[in-house]
Amino acid sequence: MDIKKLLSQMSLTEKLGELSQYNMGVLSTTETGDLTGPANDLKLTKEELAVVGSVLGYSSAEGTKKMQDEHIKNHPHGIPLLFMQDIIHGYRTNYPIPLGMGATFDPNLMEECARMSAKEAAVNGLHVTFNPMVDLARDARWGRCMETTGEDPYLNSLMSAAQVRGYQSDMNKEYSIAACVKHYAAYGAAEAGRDYNTVDVSERSLRDYYLPAYKAAVDAGVEMVMSSFNLVNGVPSTGNKWLLDDVLRKEWGFDKILISDYNAVYEMYDHGYAKDAKDCAEKAINAGMDIEMMTTCYLKEIPALIEEGKVSMETVDKAVLRVLDLKNRLGLFENPYYYADKEKADKIVFCDEHRALARLAGEKSCVLLKNDNNVLPLNEHSKTVALIGPFIEEPMIGGWPGAGSRNEVVTPLTGVKNLLKDAKILTAKGCNGTLKEQPDYKMIKQAVKCAKKAESVVLVLGEHDLMAGEGKSKTDINITPAQVELCKAVCKANKNTAVFIYTGRPLVLSEINDIAPAIAIIWQPGTENGNVLANMAFGKANFSGKLPMTFPRAVGQVPIYYNFYTTGRPNHEHDLPIAYRSAYQDERNSPLYPFGYGLSYAKFEISDPVLSSNPLKRGETLTASVVVKNVSDVDGEETVQLYIKDCYASLARPIKELKGFKKVNLKAGEETTICFEISEKQLEFFTANNVFEAENGDFKVFISNNSNVKTFATFKLI
Ligand code: GLC
């Protein structure tokens, strides 16, 4: 299709329609789709409805075809719709929530899962997924931690690019769908972890921590970028010309579609940044925002703005061409159905192979925090097992399940029954799993009775999957008093108790950490929930996950993260309340469990790093190597992590930064050498010269299996 010629024939209403996206609540009286924000009464005219460019939150192999036919028939130039939806951890086969995928430290697995998800979405007529979500998260009070891959810019960047590759496959492979990286930018830095709250961070924090993962998506060829709800240093992202035009378009060279988040164009009025809808439209479109989601500022206000010379037709045309260009490259003008195909969908979607991949990802995401007396794995040949906890029959799937259905989730109880076909499984909820829940001693007594009769106990605690996600911030991230009391009573009743924590964020586990002999984080593993729980609890798979976010001792430590600055009065070495040091009176500085931490049934020893040379000359590389030995009698997988510290620089630098990691599988007793190449590229940061560059000086190299590592080697960059 000659889209420039088509553009020249379009009316202004048609052009503004291309720049407008609505959900099925607005577009259809018969079909429903996802509701992902407040319902709006938009008062669109019939003419405006006929020229809307894209649909939010709807996909269906047959439904999209029907809708496409209707739309093309009514559109003056027959321009097809784009269908977009939030497919963030699987389409109908849901793998773990992104925070769990972050814990796999496995970008290849991430890419494979995104690819699977794209196939299921494409045969259901979807063209664009609003993913990857790559907001860096350091504050566990924020409900959307679950949608991120954690607190580290390097890990987030790898996972961001992996998802773009998985969804898009360079947009020329069967079942490719366009990816949309979000929420640009720094949505995870919302003050106090309260969703949509103010973000006020320095440009260098943006450059060093918050922006890299968006840029990784752009460098991987992402087709779309979504602006975030929040202010960035006083200006809403959605109208932030520095962010959208100077950085994203001019500096990074992103020349494709920018879409607002839900209502975010008009919310500039609520921010107090625009005086009315007209001002919102002017600020958004002139900042480079192409598609307005769920509000009508463009359709209703831009004609007058053009009349008044405040918005140029050239600006509108550029935006419309970006939208037409994606439709054209998807081939929608020739085949508006894209890959929508009911027969194929019936074969591909939710197939055994996809569920097996989701289960594998679930197993790889689990993080073993402690395992005293080798309580785990529990004996799979037990005659009587107790499954206790508020969520044992809950079909938790994880937030933003796309087309995933709770009815198809393997619950914890079903999973344990699937595995332990001959065992007697005793069950008790022990509490209800609600917010700030106080103990119910009748329920606890019932649970204790089960625990006493069983050879082993799987105790399921944490938070319900509906307690994490958009608008789900919490001031209290403690395991609730009800769950603490339940844990105390059950562990007392049966020393063979393993605790599995379902959660979409780091929780404060301090109280149960002193009670339970074995604790593992299972996050929200998706459709295969119960099968993952059973396989991890009864030793069908070994643990290999690592924490993608720091687990605090107390909510008062939050935001807490591994790559902190030492301050002029450092206390991390002492980690005690020492006067005149950066410390608390009532808690240690250190987290309960650090970023990168996770145990295995195997035991690995990692030697101190050895460097191939010192100094490191610019333009050259050096090799840092360690010997990794599996000193146990169990095979296992370790994630060996490389951290580097810039000892002094034109700006203070963090105590260490993740610059590489490698996964290694070692049989019992086996050892191997792991090498990391280090070049000046990895030493670059946004310096006092306001450019990314490496500065000469001393550096420390740490290599370990978590971020709480003290031994290092040193080199000088010259
Ligand atoms: C929501 C979310 C965003 C999502 C969009 C469309 O409010 O913030 O992540 O992609 O609306 O559903």
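Analyst: A term first: a cavity here is a set of points on a 1 Å grid over the protein atoms alone where a 1.4 Å probe fits but cannot get out, and a residue counts as lining when it has an atom within 4 Å of a point. Please keep in mind that this is a predicted model.

User: OK, which residues lie nearest the centre of the largest cavity?

Analyst: Of the 14 residues that line the largest cavity, Thr-36, Asp-86, Met-226, Asp-261 and Trp-400 lie nearest its centre. The lining of this largest cavity divides into seven nonpolar, two polar and five charged residues, and the space inside comes to about 90 Å³.

User: And how many cavities of 30 Å³ or more are there?

Analyst: The structure holds two of that size. The second largest cavity has about 60 Å³ of space, and its lining includes Lys-645, Asp-646, Arg-653 and Glu-657, along with Phe-685 and Phe-699.

User: Switching topic, how is the protein divided into domains?

Analyst: There are two, with domain 1 covering 362–557 and domain 2 covering 604–717. Taken over C-alpha atoms, the centres of domain 1 and domain 2 are separated by 35 Å. Five residues from domain 1 and nine residues from domain 2 take part in the contact.

User: What area is buried between them, and which residues supply it on the domain 1 side?

Analyst: The area buried between domain 1 and domain 2 is about 400 Å², and carbon and sulfur atoms give 32% of that. On the domain 1 side, Asn-542, Ser-544 and Lys-546 supply 85% of the area buried against domain 2, which is more than any other three residues supply.

User: How many salt bridges are there between the two domains?

Analyst: Two salt bridges are counted between domain 1 and domain 2. Lys-546 and Glu-638 meet through their side chains in a salt bridge, at 2.6 Å from N to O. There are also four residue pairs in polar contact between the domains, and the side of domain 1 that touches domain 2 is made up of one nonpolar, two polar and two charged residues.

Methods. Residues numbered from 1 in each chain as written. Predicted model: local features only at pLDDT ≥ 70, side-chain atom pairs only at ≥ 80, totals over all residues. Heavy atoms only, no water. Domains from an automatic or database assignment. Contact = heavy atoms within 4.5 Å. Buried area = accessible area lost by both parts, 1.4 Å probe. Salt bridge = Lys/Arg side-chain N within 4 Å of Asp/Glu carboxyl O. Polar contact = N/O pair within 3.5 Å; in protein donor to acceptor, adjacent residues only side chain to side chain. Nonpolar A, V, L, I, M, F, W, Y, C, P; charged D, E, K, R; others polar. 1 Å grid on protein atoms, 1.4 Å probe; cavity = no way out; pocket = protein on both sides within 12 Å on 5 of 7 lines; lining within 4 Å. Points joined across faces, edges and corners; volume = space filled by probe spheres on them.
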